[in-house]
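Please work through the exercises below with the sequence and the model at hand, and try each task before reading its solution.

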Amino acid sequence: MARRQRARLYDEVLSGLGRRIVGGDLGPGTVLDPAGLGVEHGVSRTVVREVLRGLGSRGLVTASPRSGTVVNEREDWVLLDPAVLRWRFETRPDDYFLEELTELRQVIEPAIARFAAERRTDHDIAALSDALSAMEASDTKKAESHIDADVRFHHALLRSAHNELFEHMSVIIEIGLRCRDRYVISSGNLAAPGSHEEIIAAHAEVLEAVRKRRRHSAEMAMRGLLNRSAQDNRSVQRTERQGQKVEYEVGQGQKGPVAHKTRPL
């Protein structure tokens, strides 16, 4: 029980500090006081040490005898670490983050669809079909039901490629999906006439190509689906820049507008 309690406290403090760092509340150069953190969170020095070690392994902080534990610059973060991705998602995201996730998916997922068409099994097709049916039945006014079904479809596709290394990319794809879907659904775009049906049709095209083992068609269908996703993101960004703020659910029951950053050239 004590071990389980310590693990729970570790997760809570690690996630809380992680979100504060990636969200900018604790900026680069901030010195973290272990004793103060222990008092603030009501945890032992052992838990604090483990938490600081966990942050350090993700590049968020550096510890030294002379300077103590200091928050690192963003360039030192392990940006593809699953926890760091989740913390960025759970704090207020910016549209630069959305674009980066979309671009990463545009590189990864068409290739996954191509391999899935080559290697899929009957069990894989059943899993993809079930996920698509759940998407069809989802309520576009309830973000989570649609998002969960969407994530199920893309995870099923990932497993259909039968590559263990690909499967480790599932968190990247899931965060990209959840970030994009919540952003677009919050804007009302998905509820527009025909939008839900178009998204279902685009996923069905991927499924059909995989079912028929048409590798090139599967790759192109996924590329088209992701291009649509990128267009939806840009459409919402244009709406916001015209002064109509989109309230985005950022986790922990909080809402806020997506921040806008200029992409470096």
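**Exercise 1. Aromatic rings**

Task: Determine how many aromatic pairs the model holds, and describe the geometry and the surroundings of the rings involved.

Solution: In this predicted model, the search for rings with centres within 6.5 Å gives a count of one aromatic pair. The partners are F115 and F166, whose ring centres lie 5.8 Å apart with an angle of 50 degrees between the planes. Planes under 30 degrees apart would count as stacked and planes over 60 as edge-to-face, so the pair of F115 and F166 is tilted. Finally, consider accessibility, where F115 at 28% counts as partly exposed, whereas F166 at 15% counts as buried.

**Exercise 2. The surroundings of S160**

Task: Decide whether S160 is buried or exposed, and list the residues that it touches.

Solution: S160 is found in helix α7, and its relative accessibility of 0% places it among the buried residues. Leaving aside residues up to four places away in sequence, S160 touches F115, A116, R119, R120, D124 and L128. One of these contacts, F115, is also a member of the aromatic pair treated above.

**Exercise 3. Two helices in contact**

Task: Work out how α6 and α10 are oriented towards each other, and which residues make up their contact.

Solution: Begin with the axes of helix α6 (residues 122–137) and helix α10 (residues 195–211), which are 10 Å apart and form an angle of about 175 degrees. Angles over 145 degrees count as roughly antiparallel, and α6 and α10 are therefore roughly antiparallel to each other. On the side of α6, the contact is formed by I125, L128, S129, L132, M135 and E136, which meet H196, I199, I200, H203, A204, L207, V210 and R211 of α10. Sorted by type, the residues of this contact comprise nine nonpolar, three polar and two charged.

**Exercise 4. Positive phi values**

Task: Examine the phi angles of H162 and R213, and state where each of these residues lies.

Solution: As background, most residues other than glycine have a negative phi. H162, however, has a positive phi near 50 degrees, and it lies in the loop between α7 (143–160) and α8 (164–167). R213, likewise not a glycine, has a positive phi of about 60 degrees and is placed in the loop between α10 and α11 (215–241). With a relative accessibility of 43%, H162 counts as partly exposed, and R213, at 43%, also counts as partly exposed.

Note on methods. Residues numbered from 1 in each chain as written. Predicted model: local features only at pLDDT ≥ 70, side-chain atom pairs only at ≥ 80, totals over all residues. Heavy atoms only, no water. Axes fitted to C-alpha atoms, helices over the stretch in contact; angles between N-to-C directions. Helix = DSSP H or I, 4+ residues; strand = E, 2+ residues; numbered from the N terminus. Parallel < 35°, antiparallel > 145°, perpendicular 65-115°, else oblique. Contact = heavy atoms within 4.5 Å. Nonpolar A, V, L, I, M, F, W, Y, C, P; charged D, E, K, R; others polar. Buried < 20%, exposed > 50% of the residue type's maximum accessible area, 1.4 Å probe, protein only. Phe/Tyr/Trp six-rings, centres within 6.5 Å; stacked < 30°, edge-to-face > 60°.
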